Amino acid sequence: MKGPATAADLREAARRRLPRFIFDYVDGGSFDEVTLRRNRTALEAVTMRQRVLADVSDMDLTTTLFGEKLAMPLMLAPVGMGGMLSRRGETKAARAAATHGVPLILSTTSVCPIEEVAAACATPFWFQLYVAKDRAFCADMIARAKAAGCKVLFLTVDLPSPGPRYRDQRSGLSGPAGLLGQWRRWSSILAHPGWTLDVGLRGRPHTLGNVAPIMKGKVKLADFLRWSGQNFDPSVSWRDLDFIRKHWDGPLVIKGITDVEDARRAAAEGVDGLVVSNHGGRQLDGSMATAQALPIIADAVGDKLSVLMDGGVRSGLDMLRALALGAKGVLIGRSWAYALAAGGEEGVGDMLALYAAELRSAMALTGCSNIGEIGRHMLVKD
Ligand SMILES: Cc1cc2nc3c(=O)[nH]c(=O)nc-3n(C[C@H](O)[C@H](O)[C@H](O)COP(=O)(O)O)c2cc1C
């Protein structure tokens, strides 16, 4: 793609490149997708004060999170099955992220196994864990993450059971079963020969590297969906933090909090950080937009742990909005997924360079020279 490709351009390129059921898997949300839309509108509504004559000739975007220096306060959020978007997709994304000085948070349900990603990157990446019913699997995943050099563990807590994603059912990813489902999947695969040759045939996208060992060789997408459906653990509770702590002694971040009471409990449990996140509008539809929840949570616990945020971030300007609302760092999900589908490693790298340039420009226009200066004082109060 020539010239700056914004998130909207990348989304359109991904839509053209991917079979329909894969694009819908990335693009969609749960139920009526109200929260998916709300994440965007709430962020867009954040209005900033334009400041002038502030000498912004010397800009510094770096920040330190969990003891690691990042080139900017951005992380690539865990995106399950990212290797369906590009051949060996998570490895490419991790390399692009490392080149640009930010971490990829590798999903439990990645196509590329953790060891493959570690071998491809000189700088350590971070890891995201779902608590599956099979606790031995969780313990093993943590041990593998440690052995691969992961420095920070993100525990995703907003998925005790999957939110209904009707787009996935309509486009054939998770239904209907039988001939109709097969037909929907295969017709859309055949209509996208570029993806089929490059990713579908050469990329082994159905092999989910981290979970495959416990699926005893059954690694087809349908087998994985069945495994994950049976392994979401609705009994997960705060008590399970003891189990995680027993196996992981590094920085621990809870991902998927939008309620201030849960944020207070996380702080009381002594975790190192939390991500204000509604899973990109893929779980409880009608829940608060993250830009609405963020300032409340940052005010309540921001002095006790690092508050991060995701949901609807589509530019460096959105990053600044989230930071001004109180986040110490921002995760992006769909943005990098679209970029990976559209342009592989280079696509993700270009997008990160664009976000850095946009953040720099937005900071200059609001009179900020470094990340520490960003705050609520930059916002227009309603
Ligand atoms: C296709 C897709 C797959 C995802 N898979 C995971 C996952 O495996 N683990 C997880 O914690 N979050 C997962 N998420 C949620 C993201 O980590 C993140 O919270 C969300 O995408 C942020 O919203 P955004 O896409 O608007 O940036 C996924 C999101 C998408 C879009």
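Two strands are said to pair if DSSP finds at least two bridges between them, and strands (E, at least two residues) and helices (H or I, at least four) are DSSP runs numbered from the N terminus. The views below show a predicted model, in which local features need pLDDT of at least 70 and side-chain atom pairs count only at pLDDT 80 or more, while totals for chains, interfaces and linings use all residues. Residues are numbered from 1 along each chain as its sequence is written, and side-chain values use heavy atoms, with hydrogens and water left out.

**View 1. Strand β10 and its partners β3 and β9.** Strand β10 (residues 329-332) is joined to strand β3 (residues 74-76) by three bridges, and these strands run parallel; within β10, Leu 331 is the bridge partner of Met 75. Strand β9 (residues 306-310) also pairs with β10 in the parallel sense, over three bridges, and here Leu 308 has Gly 329 of β10 as its bridge partner. From β9 the chain crosses through α14 to β10 in a right-handed β-α-β crossover, a term that applies if, with the strands pointing away from the viewer, the path from the first strand over the helix to the second runs clockwise. Gly 329 and Leu 331 point one way from β10 and Val 330 and Ile 332 the other way, and all are buried, where buried means under 20% relative accessible area, exposed over 50% and partly exposed in between (1.4 Å probe, protein chains only).

**View 2. The packing of helices α14 and α15.** Helix α14 (residues 316-325) packs on helix α15 (residues 334-365) at an angle of about 55°, with the axes 7 Å apart; axes are lines fitted to C-alpha atoms, for helices over the stretch in contact, and angles run from 0 to 180 degrees between N-to-C directions. The two helices, α14 and α15, are therefore oblique to each other, since angles under 35 degrees count as roughly parallel, over 145 as roughly antiparallel, 65 to 115 as roughly perpendicular and the rest as oblique. In α14, Gly 316, Leu 317, Met 319 and Leu 320 meet Tyr 355, Glu 358, Leu 359, Ala 362 and Met 363 of α15, contact being heavy atoms within 4.5 Å.

View 3. Strand β4 (residues 105-106) pairs with β5 in the parallel sense over two bridges, whereas β5 and strand β6 (residues 153-156) pair in the parallel sense over four bridges. Trp 126 is the bridge partner of Ile 105, and Phe 127 stands opposite Leu 153 in β6. Together, β5, helix α6 (residues 135-147) and β6 make a right-handed β-α-β unit.

**View 4. Thr 156 in strand β6.** Thr 156 is found in strand β6 and is buried, with a relative accessible area of 6%. Not counting residues up to four places away in sequence, Thr 156 touches Gln 128, Leu 129, Tyr 130, Lys 255 and His 279.

**View 5. Helix α4 and its surroundings.** Eight of the eleven residues in helix α4 (residues 89-99) are buried, among them Glu 90 and Lys 92. The buried residues of α4 pack against β3, β4, α5 (114-120) and α15. Just after α4, Gly 101 takes a positive phi of about 75°.
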